[in-house]
Amino acid sequence: MSAANTGLRIDSRPTRLKVLTSPVLKKTALACICIMLTGSVVFNFSNLTGRFYFYHIKAFTAGQETPVETLETIRKISGYAAKFDPFCGTYYNASASADQFLNNTGAALKNMTKALQLNPLNSFFLKRAGLFMIQQENSNAADKLLKASVSADISNAENRLQYGVWLISQSRTAQGVGQIRQAVFLEPAIMDRALTNMSVFRLGHEKMKQAVPKLPGPILDYADFLYSYGKKEAAEETYLSALDYIEKQEKIKKWQYYKIFRFFMKNNEIKTALKVMQRAAEVLPFDPDIRIVIGDIYKKMGVIYRAEQAYEQAVFIDSDNKRAKKRLTDLNL
């Protein structure tokens, strides 16, 4: 390797980069650095100022019941925040929400558009804009925006539920039910709301059933719903069908067995209630409380020796179980 390539003949210096010797180049470089630093300071200052203003209304919610004074405050302060930080879509979206409920349709649309221009993949902005378009009776825009909100965040159950309900309202029932089913699968706790929304559009129970994912929680909610509408036989079948899915869970939830048991006891179907708790005992063999419940059922049926066996099993599992011991004592009085 030659010395020319290694730089051994060049005097030692802090850098191998070319040193600026021209005064003009030095001034130009210094000016560029100053501009970048100033821009950075201004940008961060604007960002922080915008956040400072918005902090005062962060907890406020714009809605039909929100007082006009509060809506005016939201619009005013979010407007100030947007002036200082014009690249944050959150401020424009807040202004749009306030304008919407102040019936300032033009301003609301303008601010929603600005928010989406700044953040076109924000699923919350997309959903709010879609709901706004429903109010404006612009079905095509509403459909595109609500669908986009689902695509932007595929794990958001609320967006899917909203889109599903919208599809049903447009007589696209099969698609709507499919979206609702996926929404409930993502978040089982929304099953009640999903059923309520579907009932508003008078969907038949068979159609509603298609929206119930094969998960014990939603199935039990659907059974409750059927019973509340006087569909007792369908409710019974649905409750019993939940047992298979309860037992497929990685972690068995005892309260789900109890829910089914109480339903059948309330309807005086004691033998079915007993079978439910016997299945619970098979899956949770070391739970003394389940054995006590089985003993109570047998006692109610008048089968005392089987009740005694169940209480004894509970004591065997938990020798300090006072409830089981008391029941045994009471049987022998």
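What percentage of the 333 residues of the protein chain count as buried? The share is 38%, where buried means under 20% relative accessible area, exposed over 50% and partly exposed in between (1.4 Å probe, protein chains only).

This is a predicted model, in which local features need pLDDT of at least 70, side-chain atom pairs count only at pLDDT 80 or more, and totals for chains, interfaces and linings use all residues. Residues are numbered from 1 along each chain as its sequence is written, and side-chain values use heavy atoms, with hydrogens and water left out.

## The chain

The protein chain has 18 helices and 0 strands. Helices (H or I, at least four residues) and strands (E, at least two) are DSSP runs, numbered from the N terminus. Of the contacts with a separation of 6 or more, 49% join residues 24 or more positions apart. Contact means heavy atoms within 4.5 Å. The chain exposes about 20,400 Å², and carbon and sulfur atoms supply 56% of that area.

| Pair | Angle | Distance between axes |
|---|---|---|
| H6 (residues 123-135) and H7 | about 160 degrees | 8 Å |
| H7 (residues 139-152) and H8 (residues 157-169) | about 150 degrees | 9 Å |

H7 is therefore roughly antiparallel to H8. H6 and H7 are also roughly antiparallel to each other. The term covers angles over 145 degrees; under 35 counts as roughly parallel, 65 to 115 as roughly perpendicular and the rest as oblique. Axes are lines fitted to C-alpha atoms, for helices over the stretch in contact, and angles run from 0 to 180 degrees between N-to-C directions.

In H6, the residues that meet H7 include Leu 126, Leu 131 and Ile 134. Their partners in H7 include Ala 141, Leu 145 and Ala 152. By class, this contact of H6 with H7 has 11 nonpolar, 3 polar and 1 charged residues.

On the H7 side of the contact with H8 are, among them, Asp 143, Lys 147 and Val 150. H8 brings residues including Arg 160, Tyr 163 and Trp 166. The contact of H7 with H8 divides into 6 nonpolar, 4 polar and 3 charged residues.

## Two residues

Asn 159 lies in helix H8. Asn 159 counts as buried because its relative accessibility is 2%. Beyond its neighbours within four places in sequence, Asn 159 is in contact with Ser 123, Lys 127, Ser 149 and Val 150.

Ser 171 sits in the loop between H8 and helix H9 (173-186). Ser 171 counts as exposed, because its relative accessibility is 64%. Ser 171 and Phe 201 are 30 residues apart in sequence, and their C-alpha atoms are 9.5 Å apart in space.

How values were computed: Nonpolar A, V, L, I, M, F, W, Y, C, P; charged D, E, K, R; others polar. Areas by Shrake-Rupley, 256 points an atom, 1.4 Å probe, with all protein chains shown as cover.
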